[in-house]
Amino acid sequence: MIIGNRDFDVNKTHVMGILNVTPDSFSDGGRFVTMDTLLAHAEDMVKQGVDIIDVGGESTRPGYTMISSEEEISRVVPAIEAIKSRFDVPISVDTYKADVAEAAICAGAAMVNDIWGLMYDPKMASVVQRYDVTCVITHNKKKTEYSNVIIDAKNELEAMADNALRANIAKDKIILDVGLGFAKTTEHNLSIMKHLREFRELGYPVLLGASKKSFIGNSLDLPVDQRTEATLLTTAMACQAGCMFVRVHDVKENRRVIDMYDKIMEV
């Protein structure tokens, strides 16, 4: 799969590093809101082996406050332009708004990571199709209601992917995110982790975004800053399940888990 100037092997697990230029994200809110701090963090991630950097300008933690497209653009576009000019790494934009996505793509983003699976903004699919960029379609919905979370989530993700195909987005430009933390209880999230491999049956590469999320904290009674080890387990499980990407806060540690997994599988 081509993302930006890089050809990614869809059968290997790669590291997507999170760079939130927001004051209120659940794990790193406010840490990277100045140009110096965000560039220093981007440089650290590149040195630690990041494969793609996901830039977000609006927190999507539970109970988040929506901001205007103009404010979101003012956050993400300078960040993307600065990273693009200094580092040879593909950039993703974490947004569900079509005008933000378009501005980010024009600034250099090669992928749109949409937590509403191209379904929130009716113009989003056409932006992705027109610029021929990769998109991440995340499983999400308004209510936490399932007959069977695995079957329902798979069916709903497939419907979202079909919607993208109907918008003439090429199948090889689509990645599916199982949507941990979005319209799911702790038990739902744990069940999806247990059955992660089944989502590959949909015929698309899969992204896992488990890093430091509340289902880890709820399961182990741990605050956000003490969830790294458990996150590393989810990354190892993502490798075993054949996920293409893990979206993580701690690049170095997760990179080492993936590299060790690859060494074992090479024997």
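Me: What kind of model is it, and how are residues numbered?
Reply: The model is predicted; local features need pLDDT of at least 70, side-chain atom pairs count only at pLDDT 80 or more, and totals for chains, interfaces and linings use all residues. Residues are numbered from 1 along each chain as its sequence is written, and side-chain values use heavy atoms, with hydrogens and water left out.

Me: Ok. Which residues touch the most other members of the largest nonpolar core?
Reply: They are I53, V55, I80, I83, L118, I137 and L208, in a core of 70 residues. A nonpolar core is a set of buried Ala, Val, Leu, Ile, Met, Phe, Trp, Tyr and Cys residues joined through side-chain atoms within 4.5 Å. Buried means under 20% relative accessible area, exposed over 50%, and partly exposed in between, with a 1.4 Å probe and protein chains only.

Me: Which helix gives the most to this core?
Reply: Helix α5, residues 149-166, with seven residues. Helices (H or I, at least four residues) and strands (E, at least two) are DSSP runs, numbered from the N terminus.

Me: Back to V55. What does V55 touch?
Reply: Not counting residues up to four places away in sequence, V55 touches L19, V21, V76, A79, I80, I83, I91, S92, V93 and D94. Contact means heavy atoms within 4.5 Å.

Me: Tell me about α5. How many residues does α5 have, and how far does α5 reach?
Reply: α5 has 18 residues and reaches 25 Å from its first C-alpha to its last. That is close to the 26 Å expected at 1.5 Å a residue. The expected span is 1.5 Å times one less than the number of residues.

Me: What caps the N-terminal end of α5?
Reply: N148 does, with a side-chain oxygen 3.0 Å from the backbone nitrogen of I150. After α5 comes N168, with a positive phi near 70°.

Me: Which residues of α5 are buried?
Reply: V149, I150, D152, A153, K154, L157, M160, A161 and A164. They pack against β7, β8 (174-177) and α6 (186-194).

Me: Take V149. What is V149 in contact with?
Reply: Leaving aside neighbours within four places in sequence, V149 is in contact with H188, S191 and I192. V149 and N189 are 40 residues apart in sequence, and their C-alpha atoms are 8.9 Å apart.

Me: On to α6. Where do the buried residues of α6 fall?
Reply: The buried ones are T186, H188, N189, I192 and M193. Seen down the axis of α6, they fall within an arc of 165°, so they line one face of the helix. The arc is that of the directions from the helix axis to the C-beta atoms.

Me: What does the face turned away carry?
Reply: The exposed residues E187 and K194. The buried residues of α6 are covered by elements including α5, β9 (206-208), α7 and α8.

Me: New topic. How many aromatic pairs are there?
Reply: Two. In one of them, Y96 and Y120 have ring centres 4.7 Å apart and planes at 80°, so this pair is edge-to-face. Rings of Phe, Tyr and Trp (its six-membered ring) pair if their centres lie within 6.5 Å; planes under 30 degrees apart count as stacked, over 60 as edge-to-face and the rest as tilted.

Me: Where do Y96 and Y120 sit?
Reply: Y96 is in the loop between β5 (91-94) and α3 (98-107). Y120 is in the loop between β6 (111-114) and α4, and the two are 24 residues apart.

Me: Is Y96 buried or exposed?
Reply: Y96 counts as buried, at 2% relative accessibility. Y120 is partly exposed, at 41%.

Me: What joins S211 and H249?
Reply: A polar contact of 2.7 Å between their side chains. A polar contact is a pair of N or O atoms within 3.5 Å; within protein, one must be able to donate a hydrogen and the other to accept it, and residues adjacent in sequence count only if both atoms are side-chain atoms. S211 is buried, at 4% relative accessible area.

Me: Last one. What is the phi of D132?
Reply: Near 55°, a positive value in a residue other than glycine. D132 lies in the loop between α4 (124-131) and β7 (134-138). D221 also has a positive phi, about 55°.
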